[in-house]
Amino acid sequence: QGGGGNVTLVNNNSLALGNIGPVTVTPAVAMGNLSLTALSGSIYQVGTGTSLNVGGNATFLAQTSAGAPNGAVILNNLGNAFTGSVAATGTTVVIRDSTALSLGAVTASTSLVATSGGAFTQSGAINVTGTGASAINATGTVTLSQNSTFGGNLSVISTAVGPGTTINQTGGVLSVGGNSTFTAAGGNSISVGQANTFTGTVNFSASSGNLANVTVQDTTALQLGALTLGAGGNLNVIAAGITQSGALVVPGTLTLQAGAGNSITLDNVANNFATVVITSGNNVTLADANSIILGTPSIVSGNLVLNSGISSQTGPITVVGTTTVNAGANAINLSNAGNDFGTSVNLSNTGANAISVRDAGSLVLGNISMSSGAAGTLAIQAGGDISQLAGTTITTGTGAVQITGVNNSSVTLEIGRA
C-alpha cells in the first residue's frame with residue numbers, strides 16, 4: 001500500500017496486486033501517478049475484494065523491454081477508482097473503473113475490455129492487433145475521440161439515460177476487423193460519423209425500445225445489420241457502397257451517400273422507409289414494404305431500381321441510367337418538374353393506382369404495366385420529345401391517359417388497353 005506521491009515499479013516477473021490507494025491519515029494523503037511494469041508476466045489483482053485507488057494517471061505495462069506485449073493486464077475488480085487516465089500494454093487488457101474512465105494509450109495483442117462506472121472517454125489511441133472480441137461498456141456516455149483499431153469484433157454499450165447522443169464519435173477513426181455492435185438505451189442516438197473502416201457487419205440497437213437517430217460513416221463498403229428506429233428517427237449513411245443483412249425501419253429520413261462510383265443495395269422486402277434521399281450512388285436498388293417519399297437531392301449515376309410505391313417527391317431526382325419502379329399495389333408519383341431521367345423509364349403497378357412521370361427534358365419510356373380493367377390513371381409529361389424504346393410495351397387499364405409535351409416536341413408511343 002502506498003500514498004503521498006507517485007509510484008513506479010518495474011518487475012521482471014508478474015505483478016500480483018492487493019489494495020493500492022491513499023494512506024488513511026488526517027488530513028488524507030492522495031495517491032499520485034502509478035506506473036507498474038511486468039517485463040515477463042502479467043499484472044493482475046489478488047482476489048475480488050482488492051481495489052486500486054489512483055489519484056493521478058495510471059500506466060500498466062505487461063511487456064518486454066522492447067515494448068512488445070507478453071503478459072495480460074487484468075484489473076477488473078469492482079472497487080477500482082482511477083482519477084486520471086489509464087494506459088496499458090498487454091496481451092489481453094481488462095480495465096474496470098467504478099467511476100468515469102478516461103482510457104489512455106492501449107496496446108493489446110489479443111483483446112481489450114474497458115468498463116466504466118460513469119462516462120467513457122479517450123486520451124490516447126487504442127491498438128488491438130489480435131482478433132479477440134473487444135468491448136467498451138459504460139453506465140454513462142461513450143465518447144470516442146482517438147484513432148482506435150480492433151482486429152476482431154467490437155461491442156460498444158452505453159446505458160446512459162437520455163435523450164441525447166450517448167455514443168458519439170467526436171474525432172479519430174475506428175478500424176474494426178470483425179463485426180461492430182453499438183448499443184444505447186432506447187430514445188438515444190448513436191453517431192460514428194468519422195472516416196472509419198468497418199470490415200464486418202455494423203449493428204445498431206437499443207437495450208430497450210428503439211434508438212432515435214443513427215449516423216455512420218465507412219470509407220469502405222458498409223453492411224448494415226437490422227435496425228428499427230423510433231418515431232421520426234433518421235438514419236444517415238456515408239460509405240463506399242451500402243448493403244444490408246437485415247431489415248431497416250426508418251420512420252424519418254434515410255440519407256444515403258455512396259459516391260458516384262459505388263452501388264447501394266437495400267433490397268430487403270421488409271424495409272420500411274418514410275423519406276429517402278440518395279445524395280450519391282452508382283447502381284441503386286431499394287425495396288420498401290409500402291411506399292416512399294423521394295427526397296432531395298437525389299442523384300443516381302447508374303441505374304435505379306425501386307421495388308416500392310412512390311407517394312411523392314420533395315424535389316427532383318436525376319438518374320443517368322435506367323429507372324425501374326415496381327410499385328405493387330401502390331401509386332407511382334414521379335411528377336417533379338425538375339426530374340431528369342436518362343436511358344429509359346420502366347414503371348409497373350397493380351390495382352386502381354395512378355402512375356405519373358415527368359422529365360424536364362426529353363423522356364424515353366420503356367415498359368409501363370398497369371392492371372387490366374382497373375381505373376388507375378397514367379400521366380406522362382416532358383419538356384422535350386416523348387418516345388418509347390423499341391420492343392417495349394405500354395399497357396393501361398380503364399383509367400384516363402394524359403400526355404403533355406411542349407411546343408415543337410414530338411410524341412411517339414404505342415399504348416394498349418388491357
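Predicted model: local features only at pLDDT ≥ 70, side-chain atom pairs only at ≥ 80, totals over all residues.
Me: How many aromatic pairs does a search of the whole structure find?

Reply: The search finds three aromatic pairs.

Me: Why is the pair of Phe-60 and Phe-82 called edge-to-face?

Reply: The ring centres of Phe-60 and Phe-82 are 6.1 Å apart and the planes stand at 75 degrees. Centres within 6.5 Å make a pair, and planes over 60 degrees apart count as edge-to-face, so this pair is edge-to-face.

Me: What makes the pair of Phe-60 and Phe-82 a tie between parts of the chain?

Reply: Phe-60 belongs to strand E6 (residues 58-62) and Phe-82 to strand E8 (residues 81-82), so the pair ties together parts that are 22 residues apart in sequence. Both Phe-60 and Phe-82 are buried.

Me: Why is the pair of Phe-182 and Phe-204 called stacked?

Reply: For Phe-182 and Phe-204 the centres lie 5.5 Å apart and the planes are at 20 degrees. The limit for stacked is under 30 degrees, so the pair is stacked. Phe-182 sits in strand E19 (residues 180-184) and Phe-204 in strand E21 (residues 201-206), and the pair links distant parts of the chain, 22 residues apart. Phe-182, Phe-198 and Phe-204 form one aromatic cluster.

Me: How do you know whether Phe-182 and Phe-204 are buried or exposed?

Reply: Buried requires under 20% relative accessible area. Phe-182 has 0% relative accessibility and therefore counts as buried. Phe-204 has 3%, so Phe-204 counts as buried.

Me: What makes Gln-122 buried, and which backbone atoms lie by its side chain?

Reply: Gln-122, in strand E11 (residues 120-122), has 8% relative accessibility and so counts as buried, the limit being under 20%. Its side chain reaches the backbone nitrogen of Ser-145 at 3.1 Å. A polar atom of the side chain of Gln-122 also lies 3.4 Å from the backbone nitrogen of Gln-146. The cut-off for a polar contact is 3.5 Å.

Me: Where is Gly-164, and why is Gly-164 called partly exposed?

Reply: Gly-164 is in the loop between strand E16 (154-158) and strand E17 (165-169). With a relative accessible area of 27%, Gly-164 is partly exposed. From Gly-164 to Asp-340 there are 176 residues in sequence and 39 Å in space, C-alpha to C-alpha.

Me: How do you know which strands pair with E22?

Reply: Pairing needs at least two bridges. Strand E20 (residues 189-198) and E22 have four bridges, in the parallel sense, with Val-216 of E22 as the bridge partner of Val-192. E22 and strand E25 (residues 235-239) pair over five bridges, also parallel, and there Gln-217 stands opposite Ile-238.

Me: Which strands are joined to E29 (residues 272-280)?

Reply: Seven bridges join strand E27 (residues 248-257) to E29, running parallel. Two bridges join E29 to strand E30 (residues 284-294), again parallel, which meets the limit of at least two. Thr-275 of E29 stands opposite Thr-253, and in E30 the bridge partner of Thr-275 is Ile-293.

Me: What makes E31 and E36 edge strands?

Reply: Three strands form an open sheet with parallel pairing, in the order E31-E33-E36. Strand E31 (298-300) and strand E36 (340-341) are the edge strands, each pairing on one side only. Strand E33 (residues 317-319) pairs with E36 over two bridges in the parallel sense, and Val-319 stands opposite Phe-341 in E36.

Conventions:
Residues numbered from 1 in each chain as written. Heavy atoms only, no water. Phe/Tyr/Trp six-rings, centres within 6.5 Å; stacked < 30°, edge-to-face > 60°. Buried < 20%, exposed > 50% of the residue type's maximum accessible area, 1.4 Å probe, protein only. Polar contact = N/O pair within 3.5 Å; in protein donor to acceptor, adjacent residues only side chain to side chain.
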